[in-house]
Amino acid sequence: MTIDEEAFERDIAEYGIFTYEEFYELYPISEEVFEAFNGKYLKVAIGKGLITYERIGELIERYSEFFRSV
């Protein structure tokens, strides 16, 4: 699988990326979990309509029991 680097950079320029602190204000998860799931790029996915803030919250709630020790 290859990435179109130009499109990737355009998407980041258009939608931005989350910092851990910004994401934590919305969803209080550990930094390790944020990094493990490339949380910074979720802002692009939201901007492109691939996922919603609500769905991210649902997924965090559903799988949080697996990350309690992190």
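This is a predicted model: local features need pLDDT of at least 70, side-chain atom pairs count only at pLDDT 80 or more; totals for chains, interfaces and linings use all residues.
Biologist: What share of the residues is buried?
Modeller: Of the 70 residues in the protein, 24% are buried. The protein exposes about 5,400 Å², and 53% of that area is supplied by carbon and sulfur atoms.

Biologist: What about contacts; which share comes from residues 24 or more positions apart?
Modeller: Such pairs account for 60% of the contacts that have a separation of 6 or more.

Biologist: Turning to charge, how many positive and negative charges are there?
Modeller: The protein has 7 positive and 16 negative charges.

Biologist: Which residues form the negative surface patch?
Modeller: The patch is formed by Glu21, Glu25, Glu31, Glu32 and Glu35. Helices α2 (20–26) and α3 (31–36) each supply at least two of its residues.

Biologist: Which helix gives the largest share?
Modeller: Helix α3 does, with 3 residues of the negative patch.

Biologist: Let us take Glu21. Where does Glu21 lie, and is Glu21 buried or exposed?
Modeller: Glu21 lies in helix α2. Glu21 counts as exposed because its relative accessibility is 52%, and the cut-off for exposed is over 50%.

Definitions and conventions:
Residues are numbered from 1 along each chain as its sequence is written. Side-chain values use heavy atoms; hydrogens and water are left out. Buried means under 20% relative accessible area, exposed over 50%, partly exposed in between (1.4 Å probe, protein chains only). Contact means heavy atoms within 4.5 Å. Accessible areas come from the Shrake-Rupley method with a 1.4 Å probe; for residues, only the protein chains shown count as cover. Lys and Arg count as positive and Asp and Glu as negative; His and the chain ends are not counted. The place of a charge is taken as NZ of Lys, CZ of Arg, CG of Asp or CD of Glu. Patches are made of residues with over 30% relative accessible area and no salt bridge: like charges are joined within 9 Å, nonpolar side chains (Val, Leu, Ile, Met, Phe, Trp, Tyr) within 5 Å. A salt bridge is a side-chain nitrogen of Lys or Arg within 4 Å of a carboxyl oxygen of Asp or Glu. Helices (H or I, at least four residues) and strands (E, at least two) are DSSP runs, numbered from the N terminus.
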